[in-house]
Amino acid sequence: MPRPRLSRSRLMAVGAVVVASTAAVAVSTTAGAFGPKQQAQHAIKDGKAKNVILLIGDGMGDSEITLARDYTVGAAGRLNMDKFPLTGAYTTYAVHADGTPDYVTDSAASGTGWATGVKTVNGRISKTPGTDKAVPTILELAQKGGYATGSVSTAELTDATPAVLASHATDRSCQGPADMAKCPTDTISKGGPGSIAEQSVNHKVDVLLGGGKQRFDQKVTDGKYKGLTVTEQAQKLGYQVVTDDRSLKAVKGDKPVLGLFAPGNVPTEWTGKPAALGGTDPQRCLTSNPNRPAGTPDLADQTTKAIQLLEAKQKHKNGNKKGFFLQVEGASIDKQDHSADPCGQIGETAAFDRAVKVARAYAAKHPDTLVVTTADHGHTSQIVPLEAQPPGLTSTLITDEGQQLKVNYSTNTPGQSQEHTGVQVRIAAQGPQAYRVLGVTDQTDLFTTVREALRLR
Ligand code: MG
Ligand code: ZN
């Protein structure tokens with residue numbers, strides 16, 4: 001079991017504020033009556049959380065947040081994710097097999113960091129860097145502790161970020177039974193747990209919503225479910241399977257739910273011209289996508305439904321004594337950053353921000369909910385001066401404020417996938433134990449924050 005990495009001095013400093021704030025919490029709930037110091041003290045709550053909602057913007061560094069803010073609500077505006085009372089930054093580096101730092105992480109290693117508290121090599125899913133051994137995840141611990149659990153993503157459900165919660169794989173590419181080339185010891189025929197898709201449904205996560213239907217349509221090659229598709233395996237395990245907005249809305253009860261809303265990643269909400277060498281003409285983004293089928297649920301609606309289903313589940317499971325752990329991923333902020341597509345990227349950031357709004361609205365009515373919003377790593381997009389002529393790909397956008405804004409993508413050769421960066425990223429939170437995000441922490445500390453909030457052992 002990994003140990004918490006909080007330093008003694010930091011815990012003691014925080015402890016002092018918690019004591020001071022207890023009285024303030026009892027006196028008033030009107031933040032407006034307080035100055036910034038009182039508001040910060042007021043926001044610091046110790047004690048146990050009943051529920052945790054963790055929202056991960058994949059690749060959502062400070063540049064990506066600022067770009068979405070500038071374009072949608074204006075430079076002086078504030079997104080929902082800007083409204084958390086407590087904000088810090090965390091470091092995201094991965095490690096090499098020998099434990100030395102690898103300064104730029106991917107979503108598999110970073111996800112393993114926040115989901116297990118252990119840093120690993122790029123590409124690895126919740127297994128150790130050198131010895132390739134499975135490490136318990138925060139979702140597994142929550143299940144063991146009697147909590148209802150859920151995971152929602154705009155990527156394939158077998159993509160790295162959701163994968164780190166309910167599977168262990170040598171390589172992130174081992175998404176379905178036909179994709180096992182890089183995970184020779186994880187196959188069922190070798191006594192392993194099988195692909196990420198198989199493991200995710202075997203874990204009986206109560207709510208799994210996202211893309212990646214193609215992985216679940218693959219046939220299981222060995223073991224108890226041999227010859228069935230992973231979707232059929234899920235149904236045997238009691239899952240109700242839904243594939244569009246209407247069937248998602250209709251589903252109810254306490255049986256687990258598997259939602260597969262696209263063959264691969266869920267198509268983006270917005271479209272526009274990708275960045276180009278020498279720039280684009282000034283453009284407005286299209287807030288629609290002709291390639292996104294009608295009936296594709298958006299991330300905020302999926303989050304709302306996931307919370308409803310988890311609440312029903314926890315009543316059934318433990319008489320409502322324990323709550324839920326829910327992870328929500330805005331996956332294609334990252335993917336559109338890789339493609340140097342600013343409109344796709346901003347639309348996905350805005351969609352993610354609406355999911356943050358859903359989580360915060362739930363927490364407003366259920367203050368025993370810890371809500372954390374963060375990223376798994378930084379990314380390539382930069383806002384540069386209009387007169388700048390940087391060597392890479394650029395696009396000029398016309399913001400809702402009527403101003404021009406120039407975005408640059410220069411972390412790889414034009415034509416290649418633009419790359420992640422090694423920057424620290426924002427982490428913001430509210431609710432019990434949220435103070436743990438303050439200051440500069442490491443990604444692995446987020447595991448401890450959730451574990452302490454839910455009192456998991
Ligand atoms: Mg991801
Ligand atoms: Zn990426």
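Four strands make an open sheet in the order E9-E13-E14-E12, with antiparallel pairing. Two strands count as paired if DSSP finds at least two bridges between them. Helices (H or I, at least four residues) and strands (E, at least two) are DSSP runs, numbered from the N terminus. Before going on: this is a predicted model, in which local features need pLDDT of at least 70 and side-chain atom pairs count only at pLDDT 80 or more, while totals for chains, interfaces and linings use all residues. Residues are numbered from 1 along each chain as its sequence is written, chains are lettered from A and ligands numbered from 1 in the order in which they are written, and side-chain values use heavy atoms, with hydrogens and water left out.

Back to the four-stranded sheet. In the order E9-E13-E14-E12, strand E9 (276-277) and strand E12 (382-384) are the edges; each has a single partner strand, so one side of each is left without a neighbour in the sheet. Strand E13 (residues 393-398) pairs with strand E14 (residues 404-409) in the antiparallel sense, over six bridges. Within that pair, threonine 396 stands opposite lysine 406 in E14.

Which helix lies across E12, E13 and E14? That is helix H3 (residues 62-72), running at about 55 degrees to E12. Angles here run from 0 to 180 degrees between N-to-C directions, and axes are lines fitted to C-alpha atoms, for helices over the stretch in contact. H13 also packs on this sheet, touching E13 and E14, and its direction makes about 60 degrees with that of E13. Contact means heavy atoms within 4.5 Å.

Now the other sheet. It is open, has 10 strands in the order E7-E8-E6-E5-E10-E1-E11-E15-E2-E16, and its pairing is mixed. At the edges stand strand E7 (240-242) and strand E16 (439-442), each with a single partner strand, so one side of each lacks a neighbour in the sheet. On average, neighbouring strands of this sheet are turned by 15 degrees against each other, direction ignored. Helix H13 (residues 342-365) packs on the sheet and touches E1, strand E5 (148-156), E10, E11 and strand E15 (425-430). The direction of H13 makes about 170 degrees with that of E1.

Take strand E1 by itself. Is E1 enclosed or open? Seven of the seven residues of E1 (residues 51-57) are buried, so the strand is largely enclosed by the rest of the structure. Buried means under 20% relative accessible area, exposed over 50%, and partly exposed in between (1.4 Å probe, protein chains only). In a regular strand the side chains alternate between the two faces of the sheet. Both faces of E1 are covered, with Asn51, Ile53, Leu55 and Gly57 on one side and Val52, Leu54 and Ile56 on the other.

E1 pairs in the parallel sense with strand E11 (residues 369-375) over seven bridges, and six bridges join E1 to strand E10 (residues 324-330), also parallel. Leucine 54 has valine 372 as its bridge partner in E11 and glutamine 327 in E10.

Last, one residue of helix H13: threonine 349. Threonine 349 counts as buried because its relative accessibility is 1%. Leaving out residues up to four places away in sequence, threonine 349 touches Met60, Glu64, Ala68, Met81 and Ile333.
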